[in-house]
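Open the model in your viewer and keep the sequence panel beside it.

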Amino acid sequence: MLGKSIFGVGARARLSIVLGLLMVAILPPAAVAKSARAIKVEWQPAKPLTGAACLLKVTAPARLEELHGKWLDHEIQFDSIDGGRTWVALAGVSLATKPGKYPLDLDGKEVPAPSQKARQRQGTQGDLTLSKKVPVFALKRKVIQEKQLEVEKKYVAPDPETLKRVAQEKEMKTEAYSKSSPRALWSGAFARPLDSVVTEAFGVRRVFNADLHRDHLGVDFRATPGTPVLAANSGTVLLARELFYEGNCVILDHGQGLVTIYMHFSKLAVKEGDHVEHLQKLGESGATGRVTGPHLHVSLQWKGVPLDLLSLTVLKLPEFQ
Ligand SMILES: [Zn+2]
């Protein structure tokens, strides 16, 4: 289902046409042309959730050269699926966002008309701006009371040497993320990286005592060691190496600020800089890094905001030509 909003259509459009005809004598042609234009803003799912991915779709009345947006304090990079009329961007909502309505501010530039006369009709190089409120609803999260942390001692209280390594790896990841593509590298629907049971969902909060809790910011899949792990969509490998907490890890850039992160591999099948296709094998699952047993942990991030991978795999997404 698409949440829908149509501007300047129906009664309002008819009214603006009437007004336009009345004003044609007193206003320059550009103002009349603009008042009759319609732009459509849609989103998927109809009720965007905190901690979830969503698709923003804009249909412009004329061909655009580019379309930018801003939503929830993040820049949105739209890409066109049809050469300039229909624009899409993947985005997401952080778990910390309060439910409410948040303005999506759009800013587009029309393709210049071929002739001088047509350009005059088009106005001042057809700048297209619009603000549309998009609602956000709260995700229901599971809270689990825990008696103790079930990880090896070296992961709970790392020694100074290890802390240094962790700090270096953090920098390495930041460096890797900085190479991500603003343009979409994804095309079509995202898939689960393996066909298996989810053993722990995204957003589960484990509470140890009043002051201590840990949020599960990924999805755990049951996976016996050696199970092939596949790319959720096409993209570029930003990082493929062994890290302290993540174990053998692959970070895949899908563009538009979206990355998927796969952890605890026994074996890697890709290297940094590789372009991978939808469902290409990234490696084999294992139990490396901070784990209590073999499984696949997959994280999804949009511009550094952790999101539920399974909220992305259920979206019906268009293919780029
Ligand atoms: Zn996990």
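The stops below run from the whole chain to single residues.

**Setting up**

This is a predicted model: local features need pLDDT of at least 70, side-chain atom pairs count only at pLDDT 80 or more, and totals for chains, interfaces and linings use all residues. Residue numbers start from 1 along each chain as its sequence is written.

**Whole chain**

Colour by pLDDT, the predictor's confidence in each residue, from 0 to 100. The protein chain averages 87, and 83% of the residues score at least 70. Now select residues 4–36. Here pLDDT stays under 50. The model has 32 contacts beyond four places in sequence for this stretch. A contact means that two C-beta atoms, placed from the backbone, lie within 7 Å.

Switch to cartoon. The protein chain has six helices and 22 strands. These are DSSP runs numbered from the N terminus: helices are H or I with at least four residues, strands are E with at least two. Of the 321 residues, 33% count as buried. Buried means 20 or more other C-beta atoms within 10 Å of the residue's own, exposed means 12 or fewer, and partly exposed lies in between; the C-beta atoms are placed from the backbone. Among contacts with a separation of 6 or more, 68% join residues 24 or more positions apart.

**The largest nonpolar core**

Select Leu56, Val58 and Tyr262. They have the most contacts inside the largest nonpolar core, which has 62 residues. Such a core is a set of buried Ala, Val, Leu, Ile, Met, Phe, Trp, Tyr and Cys residues joined through C-beta atoms within 7 Å. Strand β18 (residues 258–268) gives the largest share of this core, six residues. Domain 1 (3–136) and domain 2 (143–313) each supply at least three residues; the bounds come from an automatic or database domain assignment.

Which residues does Val58 contact, leaving aside neighbours within four places in sequence? Show Ile39, Val41, Leu67, Phe78, Trp87 and Leu106.

**A four-stranded sheet**

Stay with Leu106. Leu106 stands opposite Leu130 in β9. Strand β8 (residues 100–110) and β9 run antiparallel, joined by 10 bridges. Both belong to an open sheet of four strands, in the order β5-β4-β8-β9, with antiparallel pairing. Two strands count as paired if DSSP finds at least two bridges between them. Colour β5 (74–77) and β9 (127–136) as the edge strands, each pairing on one side only. Neighbouring strands of this sheet are turned by 25° against each other on average, direction ignored. The axes are lines fitted to C-alpha atoms, for helices over the stretch in contact, and angles run from 0 to 180 degrees between N-to-C directions.

**A three-stranded sheet**

Move on to β10, β12 and β13. They form an open sheet in the order β10-β12-β13, with mixed pairing. β10 (143–145) and β13 (212–215) are the edges; each has a single partner strand, so one side of each is left without a neighbour in the sheet. The twist averages 25° from one strand to the next. Strand β12 (residues 205–209) pairs with β13 in the antiparallel sense over four bridges.

Select residues 296–302. Six of the seven residues of this strand, β21, are buried, so β21 is largely enclosed by the rest of the structure.

- β14 (residues 219–221) runs antiparallel to β21 through three bridges; Val219 stands opposite Val298.
- β18 pairs with β21 in the antiparallel sense over six bridges; the bridge partner of Ile261 is Ser299.
- β22 (residues 305–307) runs antiparallel to β21 through three bridges; Leu300 stands opposite Leu307.

Zoom in on the hairpin of β21 and β22. Two residues lie between the strands, and Lys303 takes a positive phi near 50°.

**Two loop residues**

Is Glu246 buried or exposed? Find Glu246 in the loop between β16 (235–243) and β17 (247–255). Glu246 has 24 C-beta neighbours inside 10 Å, so it counts as buried. Not counting residues up to four places away in sequence, Glu246 touches Met263 and Gly289. Draw a C-alpha to C-alpha distance from Glu246 to Ile261: 9.3 Å, with the two 15 residues apart in sequence.

Finish at Ala269, in the loop between β18 and β19 (275–276). Ala269 is partly exposed, with 17 other C-beta atoms within 10 Å. Beyond neighbours within four places in sequence, Ala269 is in contact with Lys281, Leu282 and Gly283.
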